[in-house]
Amino acid sequence: MSADSSGGTTASAKHPRAGAGAAVEELIIAVAVFAFGLVMVVGALGFDGGAGYQVVGPGVFPMIVGVLGLVCGAVLTVTRAQLLVGRIRGGTRDDGPGEGSRGEHEGPAGQPIAGSDEPGGAREPIGWRRVALLAGLLIGYAVLLVPVGFWQLTGLVFTLSTKIFGGKRFVRNLLIGYVLALAVYFLFDRVLGVGLPDGYFRIAG
Amino acid sequence: MDSLMHLFEGFSTAFALQNLLFALVGVTIGTLVGVLPGLGPATTLALLLPLTLVFEPVSALVLFAGIYYGSMYGGSTTAILMNIPGETSSVPTTLEGYPMARRGRGGAALATAAIGSFVAGTLAMIGVVFLSPLMSEVGKALQPAEYFAIMVFAFVTVTSLVGDSVVKGLASLAIGLGIGLVGIDSLTGQMRYAFGVATLNDGVSLVSLAVGLFAISEAFSLASRGPEGSTPIIGLDGPVWMNKQEWKRSWKPWLRGAGLGFPIGALPAGGAEIPTFLSYTIERRLSRRKSEWGKGAIEGVAGPEAANNAAFSGTLIPLLTLGIPTSATAGMLLLAFQMYNIQPGPLLFESESPLVWTLLASMLIGNVMLLVLNLPMVKIWVKLLSIPEPLMVAGILVFSTLGVWSSSNSIVDVCLAYGAGLVGFFLRRSGYPIAPIIIGALLGPLLEEQFRRAMSFSQGDWTIFLTRPVSAVILLLAVAALVAPAVFRRLSKTKAIASE
C-alpha cells in the first residue's frame, strides 16, 4: 500500500541529520509568531480612538487576536526549543508533546499523505541557493517592472527563472519567454485594457 | 418552486452566447492549470482570480465558476496518472487511481472520476439550488451572538481538522485575523496596524495575499525541492471509458459519495477532506473484493471523487447564504465576490438575485461541459503533465505578477505578493496550514463586526455568548472540535505505547 506514496515521509525521518536544522527553522518561526502576537497586543493597547457610542472599542478584538498569537507563539517556542535541545543532544526525533511531525498528514487508513494543501512541509535537503536566487530575481522584477516595462522585462525574467529551475535550453526558453510576454501584453494591455507598464519602448498602435 | 423559476431565469442568462463562452473558457483554463503537477485547486484559483477581474461581474463570476470546477477535474488527473494529489482531499484518489493506471486501467479511472464528479456535482448543485434560499432565511434569523458562534466554529474546524498541529493552525488563524484587521476601523475610524504606510490604510490587498500564499510560495517550495523529485507519468493507452463491470462497480459509490459529500460540505464547518476519506473507508468496508484494495479498486476512485465534487458544491451553501467560506477554495470564491463589492450572506439571494442564479445555472452547465470536455480531450491534458518544471514555474511567476498588477496597478501589491510567498513558503515548510490565514484575513472583519454587535446588544456583558443557548451549544461544539483531535492523538499514542 505504501509502495506508491511518494514524498510522504517526514524530513526528519528521511534525513536524520537535517533534524537540528529543521528544529532551528521551526524555532525561528515560533519566535516570529510570538513577536507577531506582541505587536498586535501593543498596537491594541494604543487604539485610544474611543469607543464612541460603541460598547466595544477598536482595541478589544485586536487584543483577543494578539493574545491568541502570543499564547500560540509561546507554546510553540517552548516546545520547539525543547525539540531543538533534544535533537542536539541525542539526535533523536523526539517531537514535542501533542505536536505532530511536520508536514505529515495521517489518512484514516494510516498512510502518511503527501502533497496536501500544504505540500511544502516535507522536503529536505533543500536548495537554499535556488530559493535565494528566486528571491533575488523577484526583487529585481518588482524594482524594474515599471521603469523597464512589462513585456520587455517579463521575457527576461521568464528565461532567468527557467535557468534557476535547471532549464537547459536557454535560447529556446528566451524565445518562449518573449512570445508569451508579448502575447500576454497584447491580450491584457491592448485587448482587455488592463494597462501594463510600458517602459521606454511603447509599441505604437 | 420559487427556486426553479429563479433558476430558469438564471439559465436564460447563462445560455447567452457570451456567458456560455465564458463558462467554456473557464472550465478549459481551470482544467488546463489544474492539471499542472502540484497546482491544486486553491493555487489554480489564486493564480487565475485576479485575471478574471478585468471583466464585468456576471461574466467574471461565470468564468471563475468554470475555473472552480475545472481546477478540480484537472487535479484528479494528476492524482491518477502521477500519484500527485493537488490537495489533501484528492489523496484517496491516488491510493486506488494510481495503481489502476499502472495496471493499464488509467482510462477507466479517469472516466469514473469524471462521470462520478459530474453525477455527484449535479446532484449537489440541485441540493444547493433548493436549500440555499432556506438557509438564507435561517441566516436572516441569526442574532449576532449566534452568527459569531457559527463563525468561530467554522474557524476552529478549518484550523483543527486540516493541519497536523492544532497550535500551529491557531497560530496561522491569528496571523490571518491580524492581517484582516489592518486599515481603518469601519466603526470608529481608528487606524489600525498601518504603521504609517499609506497603501495599508485600506487594508492589506487580499488578492496579493492569496496569490503570494498559494502561487508564489509554490514556486519557492519547488525551488527548494531540487530537480530530482520528478515522478514518472503513467501513459494512457486505450479509450477513457469503462467496461460493463466497471460501470456496475461505480454507480453505487458515486451516489454514496454524493450523499456523504453534499451534507458535510454544506455544514458551516471546515474540512473538505473528511467526506472523501470517509467515502474511501466506507467503500473499502463494503467491498466484496477486499484483496483488490491498494492495487486499484475502482470503487476507491469513484466514491471519493464523487464525494469531493459534492462537498465542493456543498460548501457553496455556507458561502453564499452566510458568507462563510469553509475551505481555501471557497475563500477564493468569496474573494472574487468581494472584489466586486458583493458581500455573500443572508441577503445575497435578494440583493443579487439574478447574479446568483446565473452563477448557479452556469455551474450546472459547466459540469456538463467538463464531462464533454474531459472524456474525449483528456489525452491533450495528459500531454500537459509532462511540461518541463522550469517552464511551469516561470509561467507561475509571470501570471502571478500579471494578476496582481492587473488587479491593483500597484507595485507595492506586487511586492506584498512576493513577500507573502516567501513567508508562506517558510510557514508551509514548518507545517503551518495556509487555509486558516486566508480565511482568517477574509472573515476577520465580519467576525469582529458580529462580535461588537453582540456586545452592544448585551451592553458589554461578555456572558452573552454563553447565556444564549444556541450560541453556547455551537461554541461548545467548537471547543470539542478543537480538543478532540489532540485527545484522540494522545489516546492512540498511549495505546501504541501500551501495546509495545
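Predicted model: local features only at pLDDT ≥ 70, side-chain atom pairs only at ≥ 80, totals over all residues.
## A bridge between two chains

Arg429(B) has a partner in the other chain, Glu25(A), and the two form a salt bridge whose closest N and O atoms are 2.7 Å apart. Arg429(B) sits in helix α18 (residues 411–429) of chain B, while Glu25(A) belongs to helix α2 (residues 19–46) of chain A, so this pair joins two chains. Glu25(A) counts as buried too, with 11% relative accessibility.

What lets such pairs form? Side chains of opposite charge can pair when their charged atoms come close.

## Bridges within a chain

Over all chains, a search of the whole structure turns up 17 salt bridges. One pair to look at in chain A is Arg80(A) with Glu26(A), where the closest N and O atoms are 2.7 Å apart. Arg80(A) lies in helix α3 (residues 60–90) and Glu26(A) in helix α2, so the pair ties together parts 54 residues apart in sequence. Both ends are tucked away: Arg80(A) is buried at 3% relative accessible area, and Glu26(A) is buried at 4%.

Over in chain B, Arg249(B) makes a salt bridge with Glu292(B), with 2.9 Å between the closest N and O atoms. Arg249(B) is in helix α10 and Glu292(B) is in the loop between α11 and α12 (299–314), so here the parts tied together are 43 residues apart in sequence. Arg249(B) counts as buried at 12% relative accessibility, whereas Glu292(B) is partly exposed at 25%. Chain B also has a network, in which salt bridges with shared partners join Asp185(B), Arg192(B), Glu448(B) and Arg452(B).

## A nonpolar patch outside

Now for the surface. Which residues form a nonpolar patch there? They are Leu123(B), Ile126(B), Phe130(B), Trp251(B) and Leu255(B), and together they have about 450 Å² of accessible area.

Helices α6 (106–141) and α10 (244–266) of chain B each supply at least two of the patch residues, with α6(B) giving the largest share, three residues. Ile126(B) is found in α6 and is partly exposed, at 39% relative accessible area.

## Helix α11

Helix α11 of chain B runs over residues 273–286, and its 14 residues reach 20 Å from first C-alpha to last, close to the 20 Å expected at 1.5 Å a residue. Its buried residues include Glu273(B), Pro275(B), Phe277(B) and Tyr280(B).

Key
Residues numbered from 1 in each chain as written. Chains lettered and ligands numbered in written order. Heavy atoms only, no water. Patch = residues over 30% accessible without salt bridge, like charges linked within 9 Å, V, L, I, M, F, W, Y side chains within 5 Å. Areas by Shrake-Rupley, 256 points an atom, 1.4 Å probe, with all protein chains shown as cover. Salt bridge = Lys/Arg side-chain N within 4 Å of Asp/Glu carboxyl O. Helix = DSSP H or I, 4+ residues; strand = E, 2+ residues; numbered from the N terminus. Buried < 20%, exposed > 50% of the residue type's maximum accessible area, 1.4 Å probe, protein only. Expected span 1.5 Å × (residues − 1).
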